[in-house]
Amino acid sequence: MATAVGDDPESLMTLVTVFCLKNLRRTMCYSDQNRLRLRPDVFLPSEICDRLVHAYMDLVHTDSEFEPQDGFFQLFSDPRSTRITRLHLRDDFIRDRDLEALAKQDLMELHLSSCTRVTARGLRTLLRFRHSLLSLSLFGSSSLFFRPACDDEEEEDEEEDPCALTLDRSFSFQGFSRLRVLNVGGLTPELDVESLLTPLPSLSSLDLSGVHVPRPAFLAQWKERLASLVLYNVELTEELIHTLLQMSKLRHLDISREHQRSSKFKMTRKILSSLAQGLVDLVSLDISGHIMLDNVTVPALEDALGRPSIEPSKSSIYPFQELKRPLQFLGLYNTTLCTVTHIPAYKVTGSKNEDQILNAIEAYTEQRPELAHRAINQLFDIARIQHCSQLLRALQLVITALKTHKYDKSIQVTGSAALFYLTNTEYRSDQSVCLRRQVIQVVLNGMEQYQEVTVQRNCCLTLCNFSIPEELEFQYERVNLLLLKILEPLRQDESIQRIAVHLCNALVCQVDNDHKEAVGKMGFVKTMLNLIQKKLQDRMCDQVMEFSWSALWNITDETPDNCQMFLECNGMNLFLDCLKEFPDKQELHRNMLGLLGNVAEVRALRPQLLTKQFISVFSELLDSKADGIEVSYNACGVLSHIMFDGPEVWAMEEPQRSEVMDKMWAAIQSWDVSSRRNINYRSFEPILRLLAQSGAPVSQHWATWALYNLVSVYPGKYCPLLMKEGGVILLKRVLELESSHQETKEMARKVMDQCENFKEDAMDTSR
């Protein structure tokens, strides 16, 4: 049998790593005066340490239940027991002290991406790695070059802005003789990039994204060494182009921009020809976002000839006809060139088709969320209007973008919208359990991070694409908490409220009682009743009102604690008010009576239903024809449990017990026993307890009628359940009791015959 895409299991190493990180004190560590310390008998090589830190960062960003461990990086402070060679840190929870803890390690690779709370103290630690570092990224971490004006070597982590920041010009890359790869993207314009980088003789890869380069000629000092140069969002000039043409060893050149409108520079045929002819080793070029002059491409009629080709000689872009071989990568996103037929590259970014768009998401997600956002929006249109042919790749790229940019609202909005269409019924059969779980996790991350209407709506709608509760059970508590949080504001957006209540209802349907009790303790019952109260005030019976009562019906099923919460939270008065305000809403009445049936099954709570007002209402509802027999049936069920407690508990004078019982008999006799039902029993136990008793024959008759209706209309579902729960034995006792009415006995025999016939049919089928 073919496996669904993305169905590869997690490796044992991955599982063990995550387990250790979630259970540090039970595995690798111990507490010493509230400080985390590595056990003295633990020695970890670089492969394990690098993996631990990488997995730790991933958990911090993607697992809401994982708490960052104070002092985690201190575990790697001693190179005699731990070795770290590669360290990738990102976002603002990284502090100066985390870097300082690693000062004795011989780091070869250090990436600090958007670490906005690391200051000039971190630079001093950086100097400790100057003899070993081969690769360094400080992308988006310009705060490194600033120090608090009140710097006294003490961090003030808890304060938003403890004191003003001043530029620290004292840092120098002097001594970083082994450094080959450097990314200083987003460097503050207050620093002179030329002075900063000149001491680095051995650079082969340099990223200056968004950096002000007033005198580009200084780049020529690496013309014999530089293989990769990224100048994204750097203003191009003739001087800069002249300098680039001297770099004969370049294999990757990125001179792309975010917006065409922000640049005065025009990409001409001459410039592109110079790059194609002068940089003979080039395998990757990104010119996205540039305005292209019309003379760059072949005429439209000529372009339309033949099948698409990547051969340079057939290129629709004149300057690239000079290439010796097709490029491995060509960035043409947000340019007119991506629409031509013949492009001499194996991988192209653009917006012409699905492949170009996916390439753009892949290329730009990590450090260019502004471009990734646009590309994901275009993928959304493909999934919504056309058909996504690379489903696994598309899903994995969107998931990665959502994980990487958890705090970027635009990515969260477009990503969650794309996921809704990529997980719908059309694509479902192609997706593995593992992949769908990843989708659920990033959706819940978005719901946690953003209370904004669009993100919440997209996330809730995406969850509706999953089998509930089965596919959400691995995150059951978390998803319920998030939905209840959404429903807290009484003036919530109507569409979100409706979807969230629907999800809540589905989550408490067909789950075990432990789950229901846990959700009840989260405030589920009170939240639903608050919604009902609000709808009552607005005199509106809509889907939110009906779903809320349905959810209460489900969550109180065989859960006495939740039934008690319903009564304690003024549930009965809301029931009466809804009945009065909406007398013709049949489904609402069915849901409310189903819920009260659950309450009536709890013996300790039944005295609270024994009031003249409530009994009169239940008695009147026996005559209801709403929703077929459902409202009358449920009202009779509530009264049957009350009657089961005997005449001694009936303390009221009106209505009289005998009168109510007569009405119950009449109601039962009026029902069609072949009625198809809008109800679902997981257990017959509440009904079966009414059989073998003589105190309330009408309760016994209601229970027998209920069983006969269910086993005759739905034999495949309910005959096995009745036999499994010992119902046949109890029905035999009904026949033995003198107090049982003759018609009750006749119906009991019919139930037993139905079960016997079912057993025989099942045996015949198995032969």
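1. The lining of the largest cavity divides into five nonpolar, one polar and three charged residues, where Ala, Val, Leu, Ile, Met, Phe, Trp, Tyr, Cys and Pro count as nonpolar, Asp, Glu, Lys and Arg as charged, and the others, Gly among them, as polar. These residues are A276, Q277, L279, V280, L282, E322, L323, K324 and R325, and the cavity holds about 70 Å³ of space. On a 1 Å grid over the protein atoms alone, a cavity is a set of points where a 1.4 Å probe fits but cannot get out, a pocket is an open set with protein on both sides within 12 Å along at least five of seven lines, and lining residues have an atom within 4 Å of a point. Grid points are joined across faces, edges and corners, and a volume is the space filled by probe spheres set on the points.

2. This is a predicted model, in which local features need pLDDT of at least 70 and side-chain atom pairs count only at pLDDT 80 or more, while totals for chains, interfaces and linings use all residues. Residues are numbered from 1 along each chain as its sequence is written, and side-chain values use heavy atoms, with hydrogens and water left out.

3. The count comes to three cavities of 30 Å³ or more, and the second largest cavity has about 40 Å³ of space. Its lining is made of H61, L402, K403, K406, Q412, V442, N445 and G446, with α15 (433–449) giving the largest share, three residues. Helices (H or I, at least four residues) and strands (E, at least two) are DSSP runs, numbered from the N terminus.

4. The second largest pocket has a volume of about 620 Å³, and of the 34 residues that line this pocket, W553, N554, N678, I679 and N680 are the closest to its centre. Helix α24 (586–600) is among those that supply at least two lining residues, and α24 gives the most, with seven. By class, the lining of this pocket has 12 nonpolar, 14 polar and eight charged residues.

5. Strand β3 runs parallel to β4 (residues 109–113), to which five bridges join it, and R86 stands opposite E109 in β4; two strands pair if DSSP finds at least two bridges between them. Together with helix α4 (residues 96–101), β3 and β4 make a right-handed β-α-β unit, right-handed meaning that, with the strands pointing away from the viewer, the path from the first strand over the helix to the second runs clockwise.

6. The rings of F72 and F73 form an edge-to-face pair, 5.3 Å centre to centre with 80° between the planes, and both residues are buried. Ring pairs link F72 and F73 with Y56, F66 and F76 into a cluster. Rings of Phe, Tyr and Trp (its six-membered ring) pair if their centres lie within 6.5 Å, and planes under 30 degrees apart count as stacked, over 60 as edge-to-face and the rest as tilted.

7. The peptide bond from I468 to P469 is cis, with omega near 10°, and a cis bond also joins E654 and P655, with omega about -10°.

Notes. Buried means under 20% relative accessible area, exposed over 50%, partly exposed in between (1.4 Å probe, protein chains only).
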